[in-house]
Structure formats: structure tokens, C-alpha cells
Amino acid sequence: MPSPQLDIQSEHVDGVAVVHLNGAIDASSVEDLKRAVEPLCAVPHPKVILNCAALVYVNSTGYGLFFTWQRACRLRNGQMALCGLKKKIHQVIQVLGLENLLTICATQAEAMDLIKQGERRFHE
């Protein structure tokens, strides 16, 4: 059975780019995902949330992109958070040793609060 396609929807909420991922990150969808997320991480002081609540599969390239984008945001004095991870995807992140390198929140609201707190610290 083929993986479901990836639907990518972006919105800006209170100055934070929120990207809703629905489906699977695999070889057929990774380029579309890169086109959607990389520009959001390339601006000064990026604030990005990847809402993964409807994400059902991530290939190894996808996990690598999560780390790359997290690092890109930090290097530009910004933040990125993943939220809504399904248990299986979160377990793979743990096995890969990425849990301490990625910002992971249970919900979009928690991710938003965390990014807003970081924004206040940055401006103090």
C-alpha cells in the first residue's frame, strides 16, 4: 500500500509561521516540503512551528531536514518547534538521538508559548 501523499498548509499566527503537515514525508514529497519550509528558516529571527499532528510517516531524509532546519533557525537567532508528533515518529526521533537537538512540544499552543517566551528572552 503506498504512503499517503503529503499535504502542506502554511499560515502565520502572531508572527509565527505554522506549517501543518498531513500525510507522509517520503521520497516523493521531500522536495515540496523543502520548498515550503526552507524559506521560512532563512529569514532573520525565524519563528517556525511544524505541526505534525496529521503526519503518519517520516523517512530518514525528513528527520535530517528537521535537524537542519532547527539548526538554521538557531543560527539566525530564531526558533523552530515540532508539535503533535505521533508516538511512532517520536520514538524514531529518540532512537536517532535527535530528541535533545530538536524542540518538541505536545501541542501547537505549547509550541507557540515556547516560541513567544524565547522571543521575549531574545529582546530583553
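Does D32 count as buried, partly exposed or exposed? I found D32 at 41% relative accessibility, so D32 counts as partly exposed, where buried means under 20% relative accessible area, exposed over 50%, and partly exposed in between (1.4 Å probe, protein chains only).

I note that this is a predicted model, in which local features need pLDDT of at least 70 and side-chain atom pairs count only at pLDDT 80 or more, while totals for chains, interfaces and linings use all residues. Residues are numbered from 1 along each chain as its sequence is written, and side-chain values use heavy atoms, with hydrogens and water left out.

**Salt bridges.** I searched the whole structure and found two salt bridges, each being a side-chain nitrogen of Lys or Arg within 4 Å of a carboxyl oxygen of Asp or Glu. R35 pairs with D32, with the closest N and O atoms 2.3 Å apart; R35 is exposed at 56%. E31 pairs with K34 at 3.6 Å between the closest N and O atoms, and because they are three residues apart in helix α1, about one helical turn separates them. Helices (H or I, at least four residues) and strands (E, at least two) are DSSP runs, numbered from the N terminus.

**S29.** I then looked at S29, in the loop between β2 (16-25) and α1 (30-41), which at 5% relative accessibility counts as buried. A polar atom of the S29 side chain lies 2.9 Å from the backbone nitrogen of D26. Leaving aside neighbours within four places in sequence, S29 is in contact (heavy atoms within 4.5 Å) with L6 and A24.

**Sheet.** I traced an open sheet of five strands in the order β1-β2-β3-β4-β5, with mixed pairing; two strands pair if DSSP finds at least two bridges between them. The edge strands, each pairing on one side only, are β1 (7-13) and β5 (104-105). β4 and β5 run parallel and are joined by two bridges, and the bridge partner of L82 in β5 is I104.

**Core.** Which residues touch the most other members of the largest nonpolar core? Of its 28 residues, these are L21, L50, L55, F66 and W69, a nonpolar core being a set of buried Ala, Val, Leu, Ile, Met, Phe, Trp, Tyr and Cys residues joined through side-chain atoms within 4.5 Å. The largest share of this core, six residues, comes from α2. Apart from it I noted another core, of nine residues, among them V16, V18, I49 and A111.

Methods
A polar contact is a pair of N or O atoms within 3.5 Å; within protein, one must be able to donate a hydrogen and the other to accept it, and residues adjacent in sequence count only if both atoms are side-chain atoms.
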